[in-house]
Amino acid sequence: SVGQLIPLFSDEVPDYLFDMGLDYSPFVNVAEDHLEYSSVAEKKFWNWLDAITQNTAVMNVLLGPSSSSKAACLQCIGGMTPTKWYTSRHHASTLKTPTHLLLTLAKDLNITLEEGFSPEENIRKLVANWASLKDRGMMPVLMIDDAHLLSPALLELLLRLSQLTTDQYKTGLLHLILFSAASL
């Protein structure tokens, strides 16, 4: 019987790499850090995320069909960068009134708002806490799912919160990400 000739992979790799002008073998069974493909959309997404964690606070609205994992993806990424993000995530249906929103944000920061104080005074407490987070190199990020369910009063307050500054942080303290299946 005639045996089948089986070329040895290790014998062929150097010639293959040389003939193709490659520094590394592009086909391996394990992940290699130096071989990674990212589409243009993925690169834009990662650049946007980098801007969230390193630059000034802004408001973003992500639109897409329901159940397309917009919020889950960002929550996962926020969890991967816990030293850069202080993330608070809520569903629009749980945020009933502007006062309730302020109380919810305070609870997330483990601070107590005074019921006898005006909303402005309570907002100053939130600002002080967000500023202390930024002092430690963290970006306060508020994510709200199904933002199209928010009342106009809540949207107005969120816009105002995203524009708050201090003497030290003139570019905003809170990064706001609204997820919606419909335009706002």
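# Chatting through a predicted model

Author: Hi! This protein has six helices and four strands, where helices (H or I, at least four residues) and strands (E, at least two) are DSSP runs numbered from the N terminus. The model is predicted, so local features need pLDDT of at least 70 and side-chain atom pairs count only at pLDDT 80 or more, while totals for chains, interfaces and linings use all residues. Residues are numbered from 1 along each chain as its sequence is written, and side-chain values use heavy atoms, with hydrogens and water left out.

Reader: Thanks! What pattern does the protein follow along the sequence?

Author: Along the sequence, the pattern reads α-α-β-α-β-α-α-β-α-β.

Reader: And what percentage of the residues count as buried?

Author: Of the 184 residues, 34% count as buried. Buried means under 20% relative accessible area, exposed means over 50%, and partly exposed is in between (1.4 Å probe, protein chains only).

Reader: Let's go inside. How many cavities of 30 Å³ or more does the search find?

Author: The search of the whole structure finds one. On a 1 Å grid over the protein atoms alone, a cavity is a set of points where a 1.4 Å probe fits but cannot get out, and lining residues have an atom within 4 Å of a point.

Reader: How much space lies in the largest cavity?

Author: About 70 Å³. That volume is the space filled by probe spheres set on the grid points, which are joined across faces, edges and corners.

Reader: Nice. Which residues line the largest cavity?

Author: Its lining is made up of Tyr86, Ser88, Leu105, Asp108, Leu109, Trp130, Pro140, Val141, Leu142 and Leu174. Strand E2 (85-91), helix H4 (98-108) and strand E3 (139-145) are the elements that give two or more residues to this lining. E3 gives the most, with three residues.

Reader: What is the lining like by class?

Author: There are eight nonpolar, one polar and one charged residues in the lining. For these classes, Ala, Val, Leu, Ile, Met, Phe, Trp, Tyr, Cys and Pro count as nonpolar, Asp, Glu, Lys and Arg as charged, and the others, Gly among them, as polar.

Reader: Switching to charges: how many salt bridges does the structure hold?

Author: Two, with a salt bridge being a side-chain nitrogen of Lys or Arg within 4 Å of a carboxyl oxygen of Asp or Glu. In one of them Asp145 pairs with Arg89, and the closest N and O atoms are 2.9 Å apart. That pair links distant parts of the chain, with Asp145 in strand E3 and Arg89 in strand E2, 56 residues apart.

Reader: Is Asp145 buried or exposed?

Author: Asp145 counts as buried, at 12% relative accessibility.

Reader: What about Arg160 and Glu120?

Author: Their side chains meet in a salt bridge at 3.9 Å, N to O. Arg160 sits in helix H6 (residues 152-162) and Glu120 in helix H5 (residues 119-135), so the pair ties together parts 40 residues apart in sequence. Arg160 is partly exposed, at 37% relative accessibility, and Glu120 is partly exposed with a relative accessible area of 37%.

Reader: Last one: which residues form the nonpolar patch on the surface?

Author: Met59, Val61, Leu63 and Leu159 form the patch, with about 320 Å² of accessible area together. Patches are made of residues with over 30% relative accessible area and no salt bridge, where like charges are joined within 9 Å and nonpolar side chains (Val, Leu, Ile, Met, Phe, Trp, Tyr) within 5 Å. Accessible areas come from the Shrake-Rupley method with a 1.4 Å probe, and for residues only the protein chains shown count as cover. Strand E1 (residues 59-63) supplies the largest share of the patch, three residues.

Definitions and conventions
1 Å grid on protein atoms, 1.4 Å probe; cavity = no way out; pocket = protein on both sides within 12 Å on 5 of 7 lines; lining within 4 Å.
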